Amino acid sequence: MIRLQETVQPVLRFAPSPNGALHLGHALSALTGFELARRLGGRFLVRIEDIDRARVKPEYVAGVFEDLAWLGIAWEQPVLFQSEHLAGYRQAAARLSAMGLLYPCFASRKEIIAAADPARVDPEGALVYPGLWRGRPEADIERELAKGEPYAMRLDMERALAVARKMIGGAPITFTEIDAAGRRRIVVCDPQRWGDVVVLRKETPSSYLISVVVDDARQGVTHVTRGMDLFAATDAQRVLQILLDLPAPLYHHHRLIVDPMGQKLSKSTGAQSLASLRAAGLSAQEVLQRISREAVSLPSG
C-alpha cells in the first residue's frame, strides 16, 4: 500500500546545498514553500544539504540564512545539517544492501563513458550507467577492496523495481503532483530511465538521492516544493521511499526562472546572487517583484 504523508499540520522545507551563493531561482523555491506553508497553516523548515564537504564553505551557509531573512522568510529552529546525520544515510543504505539491492561499482568516469550507450541518456542528459559492476563475481569485488580502491554503491534498478512493486501489491509506482491551481494528479514513475543510480558516492559519504528521502521522512515533510528540473528525479526517490517503507510526500514542482538564453539559473553558470543584488542597492521587495510572476502560482493544498 502507498502511504501518503498526511499529518494534522503540513510541513514544508527549503533544502539548499551551500556550495555557492543563492540566486533568484533559490528565492523562488524558498518563497514558494514558505508561502504555501503559511497558506496551509503549516510549518516551514530549512535544511542544509552539506554532504559535499569539498565544496561547502561557511560563508555560503551563513549566506543562506542572511538571504532568507532579507527576503522576509522565517523558519523553525533547529536547522538540520545533513553532515550531522551521516549515520542515518548509511543505515538506510545498509538496509537496501541487506535486501540484495546494492552493489559496489569501482568503475571510473572514463570507463563508464567508454562503455555506455551514447544513445541512452537519463532525464538530465547524462549517459546511463552501463552496468559494468552489476553481477560481478565476488572475487573481483574482494580484489578491488583489498587494493583499497574507492567505489560507489549503486542500486540494481531492475531488482529494486521488482521488490518495490511486490511491496505495493503490483501497483504502478506513482507520486501525487499538485499543480499551480491546486489540482492533484497521479504521475506514473519511470525509474528505469535513470539506470542503476548511485546511493552512496565515491567522493562523499552519501548521495542526494538517499539523503533527501531519509530526511524528508525524518522531518515529517508532507509537501515537497521544488523546481521543475527535479520532477524526473522523483521517480528514483519514490522507489527508495517504498523500499525503505517511508511515507510519500505530496509534490509541487514549480516553474523555473531562466536567463535570456532560456537556460535555468545556476550557480555553475554564474547566475547573479541575491547578495550581489542586495549590495547593488535592490530592496527585498524589488527582488520579490522580479520573481512574483512565478512565485504567485502556488498550489492550494
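This is a predicted model: local features need pLDDT of at least 70, side-chain atom pairs count only at pLDDT 80 or more; totals for chains, interfaces and linings use all residues.
Trainee: Which residues have the most contacts inside the largest nonpolar core?

Mentor: Nonpolar side chains tend to be buried together in soluble globular proteins. Here the largest nonpolar core has 42 residues. Elements giving two or more residues to this core include α3 (86–98), β5 (152–155) and α8. The residues with the most contacts inside the core are L96, L155, I173, V199, I210, L240 and L243.

Trainee: And which residues does L96 touch, not counting those up to four places away in sequence?

Mentor: L96 is one of the residues with the most contacts in that core. Leaving out residues up to four places away in sequence, the partners of L96 are L101, L102, V199, I210, L240, L243 and L244.

Trainee: Is L127 buried, partly exposed or exposed?

Mentor: L127 sits in the loop between α4 (109–115) and α5 (138–146). With I113 and V121, L127 forms a nonpolar patch on the surface, with about 240 Å² of accessible area together. Buried would need under 20% relative accessible area and exposed over 50%. L127 has 32% relative accessibility, so L127 counts as partly exposed.

Trainee: Which peptide bond is cis?

Mentor: Look at the loop between α2 (58–70) and β3 (80–81), where P78 lies. Omega is near 0° for the cis bond that runs from Q77 to P78.

Trainee: What is phi of D245 near?

Mentor: You will find D245 in the loop between α8 (234–243) and β10 (250–254). D245 counts as partly exposed because its relative accessibility is 45%. Its phi is positive, in a residue other than glycine, and lies near 60°.

Methods: Residues are numbered from 1 along each chain as its sequence is written. Side-chain values use heavy atoms; hydrogens and water are left out. Patches are made of residues with over 30% relative accessible area and no salt bridge: like charges are joined within 9 Å, nonpolar side chains (Val, Leu, Ile, Met, Phe, Trp, Tyr) within 5 Å. Accessible areas come from the Shrake-Rupley method with a 1.4 Å probe; for residues, only the protein chains shown count as cover. A salt bridge is a side-chain nitrogen of Lys or Arg within 4 Å of a carboxyl oxygen of Asp or Glu. Helices (H or I, at least four residues) and strands (E, at least two) are DSSP runs, numbered from the N terminus. Buried means under 20% relative accessible area, exposed over 50%, partly exposed in between (1.4 Å probe, protein chains only). A nonpolar core is a set of buried Ala, Val, Leu, Ile, Met, Phe, Trp, Tyr and Cys residues joined through side-chain atoms within 4.5 Å. Contact means heavy atoms within 4.5 Å.
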